[in-house]
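Here is a short briefing for a modelling reader.

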Amino acid sequence: MSQTISSGASNEDKSGSESSGHEYLAFKLGKEEYGIDILKVQEIRGYEAVTRVANAPEFVKGVINLRGIIVPIVDMRIKFKLGEPTYDQFTVVIILNISGRVVGIVVDSVSDVITLSQEHLKPAPDMGAMNSNYLIGLGTLDERMLILIDIDKLMSSPDMGLIEKVAA
Amino acid sequence: MTIDMNQFFQVFFDEAEELLAEMEKLLLAVDVSSPDIEDLNAIFRAAHSIKGGASTFGLTDLTDVTHVLENLLDRIRKGEMALTAEHVDAFLAAKDILKMQLDGHRLHTHVDQEAVADVRMMLQSLSQEMPIAPPPPPPEAVMVKEDDTDKFAHVKLCFRIELPQLGERDVTALSGELALLGRLSTEVLSDKRHVFTLATDETVDDIIAICSFILNPDDLKITEVDMPVSVVASASSAKTEEELGYGFFEPLEDLRAFIAQGSDSEQVENKAQAAPTPEPVATASAPAQPDRRHNGRRETDRNQVGQESSIRVGIEKVDQLINLVGELVITQAMIEQRTLALDPMQHERLLNSVSQLTRSTRDLQEAVMSIRMMPMDYVFSRFPRMVRDLASKLGKKVEFVTHGAATELDKGLIERIVDPLTHLVRNSIDHGIETPSVRAAAGKSETGRLSLSAAHQGGNIIIEVSDDGGGLNRERILAKAKQNGVPVGDNMADADVWQLIFAPGFSTAEVVTDVSGRGVGMDVVKRNITSMGGVVDIRSAKGFGTTISISLPLTLAILDGMSIKVGDEVYILPLGYVVESLQPEPADVKEITGQGRVIKVRGDYLPLIPLYQMFGITPIFTDPCEGIVVILESDGRKAALFVDDLVGQQQVVVKNLESNYCKVAGISGATILGDGGVSLIVDVAALLRSSRQLNDESIFS
């Protein structure tokens, strides 16, 4: 049943290879649970001291040294205005690899990796804090509901200011 | 300055070998019927680069072959001539010859001068060819025919065979077949029909029998001509070549003579059995030569095993190595720190091991870093010889100066900057600097000045080639652009006009010399620099000279840095900008209304830039007299940077901030400190500029 549906609908950039569903990394931000494509995730690490970058937007915490690579760290809680961010031993940084660029995002906690097939996906309603352009949809599995983010689009969006305006 | 030329030769050999390999790859892949213009350009550039390198090192034999090759390629590239399979064959043959010559220089193996002359003739005749004339039979066919020449030297019968209009392939096949019978030469009639002149012992019937495989015998017109063979051969070939506009009759005959001596043993032997009266000389001399060649090749193989003393490794592998070593150093520093707390008596052996680890790690790091870093001298020292040779060749007087030869640059960049710089220097001498008489007439000294400089500046490496010659000619560039069909306007800005010279095939030189003027140089320059993420900028004033400035981003340049502290943040100032640091007396700090503060240093009033204000940091001190000011200098302007404290001085590896993040104003890069943390490198030039702007604005408002 699910096989036949999965090739259509909103799942454009994921070709028909995953007929049995797609894996998402589930993490918590504030009270909500979010999901991002697991293939964009390079690694998960604890929060460590960052070097502040002058005149950067508030949600860019700074840069860290990730085995010799300078990686900017974005705090999603500040970006989405989800309460006062706290940094403790449970604060987690998800290192993403988005079209060759490495970026870290700070989240409250990482839950697990879940597999969602097309039947679990619902189109996203319009949401306040986050432009619905960046949403793939809502994933529902049993009692849980995940907000699925198109992390590629979100991170390369101009209001993140992470990527230089594409020079013509 | 003594220069060990050997290392440069080695680099040239490696490069040339790569270029040849690439050329071959492209040639083999090229679609003869509809060649990709980019591929042709790439082949041309490869040939051009080899020529450039060869002439730099005075390897004239390589230059000679590449020059002819280039001429032909250029005509094809410009569409004056259609690419044919023969061209490709000829180019491949030329590539083999170049390889042989290269090995000759490098490994001192035997270079077959006959083959060299052979290929040069072939290329020359191809490039002299009239555009409309149908291509001559492929070189292989020529070989086959000529191999047999001597064996048929005695025959008296001669036939003139007029063919109907045939496809190129049929003509080739037929000429191959007929060549088995005797001495054959081909000519083309005005209506594109081919005429063979065959000197043979066979009868007309035999000829018809052979031809009937391919065409209807009734279409054939065979007439018997009775003439001494040598006369026939030379007369007919002379005629052929005159008709085709070759103009290279004599060399071709020489060439045939060479080949006739038997360069290919197998063929000669086979033919010898089939031929009516084998020529003993041909068979006897033939086997001797291949033997020598085989020996030569074996020697080459042996030599190649011996010379594997350097390997070429991908940059990314070295980068990975450097990153890993960096990690190791940091881990090692951590271990060292932890062990400091231990009781030296109790843990003596552990502490000994740790100190050994420290030493090895440091050595390892140094060794790894040295893989990539090289002084610009490596590039610069190639040029004096080239400049001298070129200048004397062109009858110009040139004084050559270099600045900043000690500037260290990543090896990857150094290797890639050589070609562009070579082109630029050559252009400067050829087009930029005028002849002594012209210079004298313009009121300048007879000796032109060409300078090469390198410097770290604001997060970039700036390499400049500047001459005090005639400057770029705006009118001529615009005229040429119009001629090339580039849309231009007469009131374009100078900078835009100068950029036009980077278009492929753009040259305003009236004469194409073997030095430059084909319009390939700037094309390559721009392409190479852009691929390194750099920018080329031209400044030129008519009559005063041209400066071409290449700005490359620092990918992995090492920087001597001074680490400073503001609040609890550590920044790195490139030491090159730092003049001195001092703690000012309260009396030396003056407030200028609306324009911030200035500080008096030995009589000069310098603007004071508080770093905490620029970067929005909460500082420890807000009074310059409590902290430290660092006097910086860039572009001849000085300013005083106010910081909290000096931390130290260290060499840092510059990491690019922009690879994962956007450009940050005032920051040129980042580096990793000993504790694994990141520290940002201050873009001093930009900082001084922006502070000046701030001041200027406040003056106006």
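The points below start with the chain interface and then move to salt bridges and helix pairs.

The model is predicted. Chain B meets chain A through 24 residues of chain B and 25 residues of chain A.

**Interface of chain B and chain A**

- About 1,900 Å² is buried between chain B and chain A. Carbon and sulfur atoms give 52% of that area.
- Three residues, N660(B), Y661(B) and V678(B), supply 38% of the area that chain B buries against chain A.
- R52(A) forms a salt bridge with E569(B), with the closest N and O atoms 2.6 Å apart.

**Salt bridges**

- Over all chains, the count comes to 24 salt bridges.
- One of them joins the side chains of K397(B) and E446(B), at 3.2 Å from N to O. The pair links distant parts of the chain, 49 residues apart.
- K397(B) lies in the loop between helix 16 (383–394) and strand 6 (398–403) of chain B. E446(B) lies in the loop between helix 18 (436–441) and strand 8 (448–457) of chain B.

**Helix 2 with helix 3, chain B**

- On the helix 2 side, the contact residues include I37(B), L40(B), F44(B), A47(B), I50(B) and K51(B). On the helix 3 side, they include L62(B), T66(B), L69(B), E70(B), L73(B) and R77(B).
- By class, the residues of this contact divide into eleven nonpolar, six polar and four charged.

**Helix 3 with helix 5, chain B**

- From helix 3, D64(B), V65(B), V68(B), L69(B), L72(B) and R75(B) take part. They meet V116(B), R120(B), L123(B), Q124(B), L126(B), S127(B) and Q128(B) of helix 5.
- The contact has seven nonpolar, three polar and three charged residues.
- L69(B) is among the contact residues of helix 3 with helix 2 and with helix 5.

**Helix 13 with helix 14, chain B**

- Helix 13 (residues 315–340) and helix 14 (residues 348–372) of chain B pack at about 155 degrees, with axes 9 Å apart. That makes helix 13 roughly antiparallel to helix 14.
- The crossing of helix 13 and helix 14 of chain B is left-handed.
- Helix 13 contributes residues including V318(B), I322(B), V325(B), V329(B), Q332(B) and E336(B). Helix 14 contributes residues including L350(B), V354(B), L357(B), T361(B), L364(B) and R372(B).
- By class, this contact has 16 nonpolar, five polar and three charged residues.

Key: Residues are numbered from 1 along each chain as its sequence is written. Chains are lettered from A and ligands numbered from 1 in the order in which they are written. This is a predicted model: local features need pLDDT of at least 70, side-chain atom pairs count only at pLDDT 80 or more; totals for chains, interfaces and linings use all residues. Side-chain values use heavy atoms; hydrogens and water are left out. Contact means heavy atoms within 4.5 Å. Helices (H or I, at least four residues) and strands (E, at least two) are DSSP runs, numbered from the N terminus. Ala, Val, Leu, Ile, Met, Phe, Trp, Tyr, Cys and Pro count as nonpolar, Asp, Glu, Lys and Arg as charged, and the others, Gly among them, as polar. Buried area is the accessible area (1.4 Å probe) that two parts lose on being put together, summed over both. A salt bridge is a side-chain nitrogen of Lys or Arg within 4 Å of a carboxyl oxygen of Asp or Glu. Axes are lines fitted to C-alpha atoms, for helices over the stretch in contact, and angles run from 0 to 180 degrees between N-to-C directions. Angles under 35 degrees count as roughly parallel, over 145 as roughly antiparallel, 65 to 115 as roughly perpendicular and the rest as oblique. A crossing is left-handed if the near helix is turned anticlockwise from the far one by less than a right angle, and right-handed if clockwise.
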